[in-house]
Amino acid sequence: MRTDPPSLTERQFVLDGIREGVRTDERGLEDFRQALLVLGKQPGSALCTIGNTKVMCAVSASITQPTRSRPHKGIISVEVDMSPMASPAHEANRLGNKGLELTRLLEMLLRDSRCIDVESLCIRAKKEVWKMRVDVRVLDDDGSLVDCASLAAATALQHYSRPDVTVLPECTKIHSEYDKMLVPLSIYHMPICVTFGISTDLRSTIVDPTERESHYLDGALIIGCNRRREVCVLHQSNHLVLSTSQITACVKRAMDRVGNLSDLVSTVIADEARRMNMKEEGSGFETAITAELLTCKEWSPNELVAPAVKITTTVAPEVKEEPIVMEENALREGAIEMDEEDRKGLEEQVQAIASNVNTVEINSKPKKSAKQKDNEAAHSLLDDLDGFDDLDGETMELEGEMNGDSFDLAATKKKKQKK
């Protein structure tokens, strides 16, 4: 993905402001942006910000075999990651021209300038040496990327301490930080880069250009120097033709800037050492997390809503009337308010119910049991048989059965049919 090309109107607006000594971020042509350094909890990790440009650097060490050309010297390697979240122009897993330029400048600054004693990194000549790896990750690219990366790398290297080792005849023993104290790196000097924007048409030089301003300038001059006022790196882009006076003025300005940045690094490292001695727990990168980062540069919290989900909020209306209190006996006289028509209708219903109650006959006779009903049926049967003389024996027999405890009417009828 690439950024949109600058428009002619915007280019003319920026160049007119530079000609008059005014920039879009309200800085002057000789004003630098504020630099911020934050050390991580782990040794060798640092975060540097210059304006909106953010770079994180982490230093690590491993034991490896030395090269044939330098059998008694350690190795320093630089790895750069141009994250796509830093700029739309960056591609994943690809450095591009800008990433290759940044890698080469950092290698010249840290390795070719001999700022670190590489001989102290040797464990066994021709067999084992320490390999220092400097990982630089670009988090946000808003101009002066080399300045921010070099400052982060310088801070991380001074903050790093490698484990102590003991050389034995048969092996090399690596001690932990609990067995022996960590050994800091032997650093002779620490160079830092400063970027200057050049405009040949305006014949002017601006310091610390932003990413948008760099599109309208003809090129840049990068100067790397240390606190001793020694120039370590001098690089210019786009094949600019500069005069000696321009280069000399830029070098003097860069030396003053590097002196201030070196004091900043020393102050941050000393403050971290004081915390370690006092056994205070450092906050790490937590101090770099501001409200602008959490709210996308807006002073309002972000609302996290799931995609394709509509959230409806219902607000209950405010009740202005006083609450109604129900009485304990709600059916007492006068508790219910009724109209005159409803009252007359209710009275008519009560009178109709009372008249119906008076006409209802209540049968108070007790109900007969099943045994009594069977006895009555047997007596009626005997009454029907009184007119027949030849049935006197049967009548006596039936009466004897009825006088007993049990009487079976069906069995009696069967006996009669047989006879």
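Two strands are taken to pair if DSSP finds at least two bridges between them.

**View 1. Open four-stranded sheet of the predicted model.** The strands follow the order β12-β11-β13-β14, and their pairing is antiparallel. Because β12 (204-207) and β14 (231-236) each have a single partner strand, they form the edges, and one side of each is left without a neighbour in the sheet. On average, neighbouring strands are turned by 25 degrees against each other, direction ignored.

**View 2. Pairing of β11 with β13, and the helix packed on the sheet.** Seven bridges join β11 (residues 192-199) to β13 (residues 219-225) in the antiparallel sense. Within this pairing, T195 lies opposite I222 of β13. Helix α5 (residues 244-277) packs on the sheet and touches β11, β12, β13 and β14. The direction of α5 makes about 145 degrees with that of β11.

**View 3. The largest nonpolar core.** This core comprises 65 residues, of which L102, V136, L151, L157 and F196 touch the most other members. Helix α3 (residues 145-159) gives the most to the core, contributing 10 residues. Leaving aside residues up to four places away in sequence, L151 touches A35, L37, C48, I192, L261 and V265.

View 4. S7 and Y216 are 209 residues apart along the chain, and their C-alpha atoms are separated by 9.9 Å.

Key:
Residues numbered from 1 in each chain as written. Predicted model: local features only at pLDDT ≥ 70, side-chain atom pairs only at ≥ 80, totals over all residues. Heavy atoms only, no water. Helix = DSSP H or I, 4+ residues; strand = E, 2+ residues; numbered from the N terminus. Axes fitted to C-alpha atoms, helices over the stretch in contact; angles between N-to-C directions. Contact = heavy atoms within 4.5 Å. Core = buried A, V, L, I, M, F, W, Y, C linked by side-chain atoms within 4.5 Å. Buried < 20%, exposed > 50% of the residue type's maximum accessible area, 1.4 Å probe, protein only.
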